[in-house]
Amino acid sequence: MSALAEQLNVSNETIRRNVKTLEERRIVRKVHGGVHLNEDVIEPPFENRLSAHADVKTVLAQAVAETISDGDSVFLDIGSTTAYVALALRNHSNLFVVTNSVFVAQTLAMRNNNRVFLAGGELRAHDGGAFGAEALDLVRRLNVQLAVFSVGAVNSELGFMLHDLEEANIARIAAENAQVCIVVADSGKFNKRAPVSLDKMSAIDVFFTDRDPPENIKAMLEKYEVETVVINNR
């Protein structure tokens, strides 16, 4: 603690108070001689997330894809579960797709007469996502029927949560420009935390998951009038 206080030029008491607050929010945990971030705050690389819980994500993605018709317009974000939605849409035709994910774009472009709009800007090395002013501008200009989002956590107090502020910014714009907003997440995200809250909870219409949420999360979803669709593959 004293090393942190010295590095940040604050008192030991300030460090202890802030660490206690972060620990209560389950963002960090105290260990002998220091403080560690909780694992669920640090998002694993895209390839790791893509292979994790693949069977559940496949079932959820198929259910989401069944709500999308040929010729529909849809925004798909960079999440790993959303990537499975893109895979489940490969037999759809005449889709109008807006995305900031190179994986989604590669999956759905140049097939079945789809039109795919990939947000501009530099692609991030770890997930192939495009962010920044150019990406936001494209998403802002194109209105879609449906927007599909992955999330990093589903929290009873804070709602749907993401690991990255840039992801939250683009999700907010996409939600504003969509008629129906869908969140898809497996039950392993229940009562977890991530650093950034999705501040458009009132815009979310449907939540697809693989198990009945616990009562505290059910209450949160009812508060925001989010319809819950449970797809149980067990």
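I started with contact range: among contacts (heavy atoms within 4.5 Å) in the protein chain between residues at least 6 apart in sequence, 57% join residues at least 24 apart. I'm working from a predicted model, where local features need pLDDT of at least 70, side-chain atom pairs count only at pLDDT 80 or more, and totals for chains, interfaces and linings use all residues. Numbering runs from 1 along each chain as its sequence is written, and side-chain values use heavy atoms, with hydrogens and water left out.

Next I looked up burial. Of 234 residues in the protein chain, 47% count as buried (under 20% relative accessible area, 1.4 Å probe, protein chains only).

Then I checked the secondary structure: nine helices and 12 strands, taken as DSSP runs (helices H or I, at least four residues; strands E, at least two) and numbered from the N terminus.

On to helix packing. I have α4 (residues 54-65) against α5 (residues 80-88) at about 55°, axes 8 Å apart; axes are lines fitted to C-alpha atoms over the stretch in contact, and angles run from 0 to 180 degrees between N-to-C directions. The pair is therefore oblique (under 35 degrees is roughly parallel, over 145 roughly antiparallel, 65 to 115 roughly perpendicular, the rest oblique). On the α4 side I noted A54, K57, T58, A61, Q62, V64 and A65, and on α5 S80, T81, Y84, V85 and A88.

Last, I looked at α7 (residues 133-141) and α8 (residues 165-176), which pack at about 15° with axes 8 Å apart. That makes α7 roughly parallel to α8. I listed A135, L136, V139 and R140 of α7 touching N169, I170, I173 and A174 of α8.

Key
Buried means under 20% relative accessible area, exposed over 50%, partly exposed in between (1.4 Å probe, protein chains only).
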